[in-house]
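Visitor: Good morning. May I see the molecule before I ask you about it?

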Amino acid sequence: MAADYATLKAGGFMRQKQKDMFSMRLRVVGGTVTAQQLKAIAEAAEKFGHSYVHLTSRQGVEIPFIRLEEIDEVKDFLAASDVQPGVCGPRVRTVTACQGGRCCPSGCIDALEIAEELDRRYFGRQLPHKFKFGVTGCQNNCLKAEENDLGVKGGMVIDWNREECIFCGVCEKACRRGAISITDGEIRVAPDQCNHCGRCVTACPTGAWKGSEGFLVSFGGTFGNDIQKGREILPVIRDRETLLRVADAAIDYFADNAQPGERFAKTLERLGWESFTEKMLNAYSG
Amino acid sequence: MAEFRITDTVDITDVVCPVTFVKAKVALEELEEGEILSIHMNDGEPVQNVPRSIKEEGHRVLKLIHNDDGTYDLIVQKTEA
């Protein structure tokens, strides 16, 4: 019986140019792989592949040169060390993330935790076309949020406390947007200038600036044949529940409205951003 | 500047990031706990980043003085971690 290439592809096995050879994509969340998993992957590459792996552009790991007849065996071998196959085709792909606030001094959110939650909720979900999530911890945007169909960028919702302020003037300069002004014992923030980067909070020597986590979400990014920057159409989101409600609404909109083979950016372009924006604002408000 | 008793000053306007911070850090190492360093720096990246790095090292930032010539003096009290 001929191999069912579509099913193999959906299960993370991409057909190679070489006859009956497949590149096996692995499930990776937020670019994090344990040492134990790495050992098993290395062993599998030696045993079943050509003794190397390919690191994909979206934090994935692929083992090329898996033989058709060994597909089940390699899956079992990796499963024993908690390594699962990835996906390809029209569904939710690898959720990418930077290290975020867990390790990075600039991180405003725990990007990996958010990525894991998105992965649990949506990974592999069948849709009209591929759908990519990416989570970046701050405005430095190492993870390039806007190139994803749905990008999440960490930010801080800031608050200034007069009692703890020594009016040293550091925050005024730390702000790259010129949003903070200090005059006569008063600090003012221009709300439309603040991009929630949180630099005032991290630079403040006394802790007078407090920041709570915020999420800036962009929609409709794509960076392949066609290049579109995802758009931020919502105010900063202040809690995870709202973030997930918005993500649910966005992915449902895509599932309900996209034509087969149509990326999110194209759907939004075809149907217009207005009705989508209204739906997102409703989800945002709860 | 009369409000702070400056122990030493360091000029980091002649170097660029990341040497700006390194030079300031070395100058702080020369001081005793509680002594005060005045760090002379340029506008732009130094003034955006050096104060934060000093804070992350555990020292106490007291004041950022804007000079008329577009430079800044960051007043820092040495604090042992």
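**From strands to cores**

Visitor: Which residue is the bridge partner of A:T96 in β6(A)?

Guide: The bridge partner of A:T96 is A:G134, which belongs to β6(A). Two bridges join β5(A) to strand β6 (residues 133-136) of chain A, and these strands run parallel. Strands pair if DSSP finds at least two bridges between them; strands (E, at least two residues) and helices (H or I, at least four) are DSSP runs, numbered from the N terminus.

Visitor: How should I read the labels and the model?

Guide: Residues are numbered from 1 along each chain as its sequence is written, while chains are lettered from A and ligands numbered from 1 in the order in which they are written. The model is predicted: local features need pLDDT of at least 70, side-chain atom pairs count only at pLDDT 80 or more, and totals for chains, interfaces and linings use all residues.

Visitor: Back to chain A, then. In which order do the five strands of the open sheet stand?

Guide: The order is β5-β6-β7-β10-β13 in chain A, with mixed pairing. At the edges stand β5 (96-97) and β13 (231-232) of chain A; each has a single partner strand, so one side of each is left without a neighbour in the sheet.

Visitor: Now chain B. How many helices and strands does chain B have?

Guide: Chain B has two helices and four strands. Along the sequence they follow the pattern β-α-β-α-β-β. The radius of gyration of chain B, taken over C-alpha atoms, is 11 Å. This is close to the 12 Å of the globule rule (2.2 Å times the number of residues to the power 0.38) for 81 residues, so chain B is as compact as a globular protein of that length.

Visitor: What is the order of the four strands in the open sheet of chain B?

Guide: The order is β1-β2-β4-β3, and the pairing is mixed. The edge strands of chain B are β1 and β3 (60-66), each of which pairs on one side only.

Visitor: Which pairs are parallel or antiparallel?

Guide: β2(B) and strand β4 (residues 72-77) of chain B are antiparallel over six bridges, with B:L37 opposite B:V76 in β4(B). β3(B) and β4(B) are also antiparallel, over six bridges; there, B:H66 has B:Y72 in β4(B) as its bridge partner. Strand β1 (residues 8-11) and strand β2 (residues 36-41) of chain B are parallel over four bridges. Between β1(B) and β2(B) the chain passes through helix α1 (residues 19-29) of chain B, and this β-α-β crossover is right-handed (with the strands pointing away from the viewer, the path from the first strand over the helix to the second runs clockwise).

Visitor: Is B:T20 buried or exposed?

Guide: B:T20, in helix α1 of chain B, is buried, with 22 other C-beta atoms within 10 Å. A residue is buried with 20 or more such atoms, exposed with 12 or fewer, and partly exposed in between; C-beta atoms are placed from the backbone. Not counting residues up to four places away in sequence, B:T20 touches B:I12, B:V15, B:M41, B:P46 and B:V50; contact requires C-beta atoms within 7 Å.

Visitor: Which residues have the most contacts inside the largest nonpolar core?

Guide: They are A:A97, A:C171, A:C200, A:A250 and B:L74, in a core of 69 residues. Such a core is a set of buried Ala, Val, Leu, Ile, Met, Phe, Trp, Tyr and Cys residues joined through C-beta atoms within 7 Å. Helix α7 (residues 240-257) of chain A gives the most to this core, seven residues.

Visitor: And how many residues of chain A are in contact with chain B?

Guide: Ten residues of chain A are in contact with twelve residues of chain B. On the side of chain A that touches chain B, the elements giving two or more residues are α5 (170-174) and α6 (199-203) of chain A. The largest share of that side, three residues, comes from α5(A).

Terms used. Contact = placed C-beta atoms within 7 Å.
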